[in-house]
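Have the structure open while you go through it.

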Protein chains: 2
Amino acid sequence: MKEASNKFVVTCRQCSLNALCFPYSLTFDEMDEVDDVVKRGKPLQRGQELFTTGQEFTSLYAVRSGAIKAYNIDENGDEQVIGFFLPGEILGLDAIDTQKHVSSAKALETTAICEITFSQVQELSLKIRNLQTHMYRILSREIREDQELQMLLGKKTAEERIGSFLMNLSLRYEQRSLSSTRFRLPMARTDIGNYLGLAVETVSRVFTRLQNSKVLRVEGKEVEILDRNYLSKIANNDCPNIQSASVK
Amino acid sequence: MKEASNKFVVTCRQCSLNALCFPYSLTFDEMDEVDDVVKRGKPLQRGQELFTTGQEFTSLYAVRSGAIKAYNIDENGDEQVIGFFLPGEILGLDAIDTQKHVSSAKALETTAICEITFSQVQELSLKIRNLQTHMYRILSREIREDQELQMLLGKKTAEERIGSFLMNLSLRYEQRSLSSTRFRLPMARTDIGNYLGLAVETVSRVFTRLQNSKVLRVEGKEVEILDRNYLSKIANNDCPNIQSASVK
DNA sequence: TGGAGAATTTGACCTGGATCATTGTTGATG
DNA sequence: CATCAACAATGATCCAGGTCAAATTCTCCA
């Protein structure tokens, strides 16, 4: 059995996130093969960039702890937030086609990352059928989730957007065996607004409104969901079976 | 050399779209292997559905001719258009993860389709390295394009959305060796509005406005782009290098 | 521990695009 | 080729959420 060479380094096999991350549905032996090509650098500090637009694409990245914001800068210099990545989630998938990063990624807090060279993913996934299957699924899931966001941005009101956003985070924390009703938002209000296509002020106002109607308790970045039913109701104006599919 | 068994059936090798479609960057022999597992049914009539939400996922589909609209119905019964697919483009990618279709697809006009069972894609892509690479790229491109749409929906004004939409179609027609300045919109105004997060009326108004300012000539579904510069300018509030990457 | 700058909240006001209503157009079908 | 239903255009009105301004609260160093 493979051991970590350094007792502070966690192997894929030992990692609590392996069911969410690359090694999903691999055998222990296969997991060790993946493990061999995973690089674990020192953690990123808050605000530090993992990669930026235009940079050559070589690797995919998995978040081990912390949180990452993916974004784009348009030619007016405005930022557009594309997504947030939590532990076990994988970044860089949008660059496989162009071989250049088409977005930037920055740590929202101290964040540990696993890096895996894409050419090694390609090699391994020719050999390990389960890895290929899993890669297809990861990519497909990303597409599905992006489409859900499109529905949100195309149709929903400010309150529905915030509701969907919070429900989405809640479900993701739940998958990670964290509280689904009390958590800390790793991103600023500006980022939330930007991501959801709303002004910061609107985000603030919706938060206070939801707080007044006893749906939430908000204290800075700490959020407690008091009425998950209501939140789920305003969130689920999208296709219901998508929702149930993403609940484990 | 492989021949079509029926002279009316076009093999991948003969297909003018093969550079855009599954067989991209395959050798002729590899192309024939793909060809063997491609099913070519009879064309869909306008309005006919290729698959619907909830249906079991078995295959990916490539458009051979015509056009397909992908959409979702939310629980209020409202439609949300997710995308439009032109010849050479591939549908069904969003269902790989869940193994159920999470959207529906319907022909906007008489449309010929190639079907390829996903399990056969998986098998073949273990054997044919180029096919695996290409599948990763197709999936990645879809993610990138969805993210571009997110930027559009999150930030842009009505005019910018229509401009981006038309430029995007223009580039796609160009790739297919069709005119990039004169083409027929296969979809209704309602679909355009729905896709772009705008009311139909707004789509109409922007069309007439752009017509008055000599940027377009619109006649029903026929569009002529008169001032491609202007269109490209209002469209490109997104990251410029994405644009250049998608131009061949 | 203080204090500067950033982030957040709140209020007042305004506008782009939604909605509603009506009319004109088109194209499919008997 | 007349008819009807879906589609498209245009005008009038309205409002959700944007923008601007200002007050308040965090946060993180020195």
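Of the atoms of DNA strand C that come within 4 Å of the protein, 58% are sugar or phosphate atoms, and bases supply the rest. For DNA strand D, sugar and phosphate make up 59% of the atoms within 4 Å of the protein. Keep in mind that this is a predicted model, so treat every distance below as a computed value.

**Around DNA strand C**

- There are 16 residues around DNA strand C, and the nearest are Ser204(A), Thr208(A), Ala158(B), Thr202(B) and Arg205(B).
- Arg205(B) goes for a base: one of its polar side-chain atoms sits 2.8 Å from a base oxygen of DNA strand C.
- Arg205(A) also has a polar side-chain atom by a base of DNA strand C, this time 3.0 Å from a nitrogen.
- Two or more residues of the surface near DNA strand C come from each of α5 (189–196) and α6 of chain A, and α6 of chain B.
- α6(A) gives the largest share of that surface, with four residues.
- Sorted by class, the surface near DNA strand C has four nonpolar, six polar and six charged residues.

**Around DNA strand D**

- DNA strand D has 17 residues around it, with Ala158(A), Thr202(A), Arg205(A), Ser204(B) and Thr208(B) the closest.
- Ala158(A) uses its backbone here: a polar backbone atom lies 2.7 Å from a phosphate oxygen of DNA strand D.
- Arg205(A) turns up again, with a polar side-chain atom 2.9 Å from a base oxygen of DNA strand D.
- Thr208(B) puts a polar side-chain atom 3.4 Å from a phosphate oxygen of DNA strand D.
- α6 (200–212) of chain A, plus α5 (189–196) and α6 (200–212) of chain B, each give two or more residues to the surface near DNA strand D.
- The largest share of the surface near DNA strand D is four residues, and α6(B) supplies it.
- By class, the surface near DNA strand D splits into four nonpolar, six polar and seven charged residues.

**Where chain A meets chain B**

- Chain A puts 54 residues into the contact, and chain B puts in 54 residues.
- About 5,100 Å² is buried between chain A and chain B, with 53% of that area coming from carbon and sulfur atoms.
- On the chain A side, Asp97(A), Tyr136(A) and Gln150(A) lose the most area to chain B, together 14% of what that side buries.

- The largest cavity has a volume of about 150 Å³.
- It is lined by 18 residues, and Cys12(B), Cys15(B), Cys21(B), Ala62(B) and Cys114(B) are the closest to its centre.
- β1 (38–40), β3 (59–65) and β8 (112–117) of chain B each contribute at least two residues to the lining of the largest cavity.
- That lining is made up of 12 nonpolar, three polar and three charged residues.
- The second largest cavity holds about 120 Å³ of space.
- Its lining has 16 residues, and those closest to the centre are Cys12(A), Cys15(A), Cys21(A), Arg64(A) and Cys114(A).
- For the second largest cavity, β1 (38–40) and β3 (59–65) of chain A are the elements giving two or more lining residues, and β3(A) has the largest share with three.
- The lining of the second largest cavity comes to 12 nonpolar, two polar and two charged residues.

Terms used:
Residues numbered from 1 in each chain as written. Chains lettered and ligands numbered in written order. Predicted model: local features only at pLDDT ≥ 70, side-chain atom pairs only at ≥ 80, totals over all residues. Heavy atoms only, no water. 1 Å grid on protein atoms, 1.4 Å probe; cavity = no way out; pocket = protein on both sides within 12 Å on 5 of 7 lines; lining within 4 Å. Points joined across faces, edges and corners; volume = space filled by probe spheres on them. Nonpolar A, V, L, I, M, F, W, Y, C, P; charged D, E, K, R; others polar. Near = heavy atom within 4 Å. Polar contact = N/O pair within 3.5 Å; in protein donor to acceptor, adjacent residues only side chain to side chain. Contact = heavy atoms within 4.5 Å. Buried area = accessible area lost by both parts, 1.4 Å probe.
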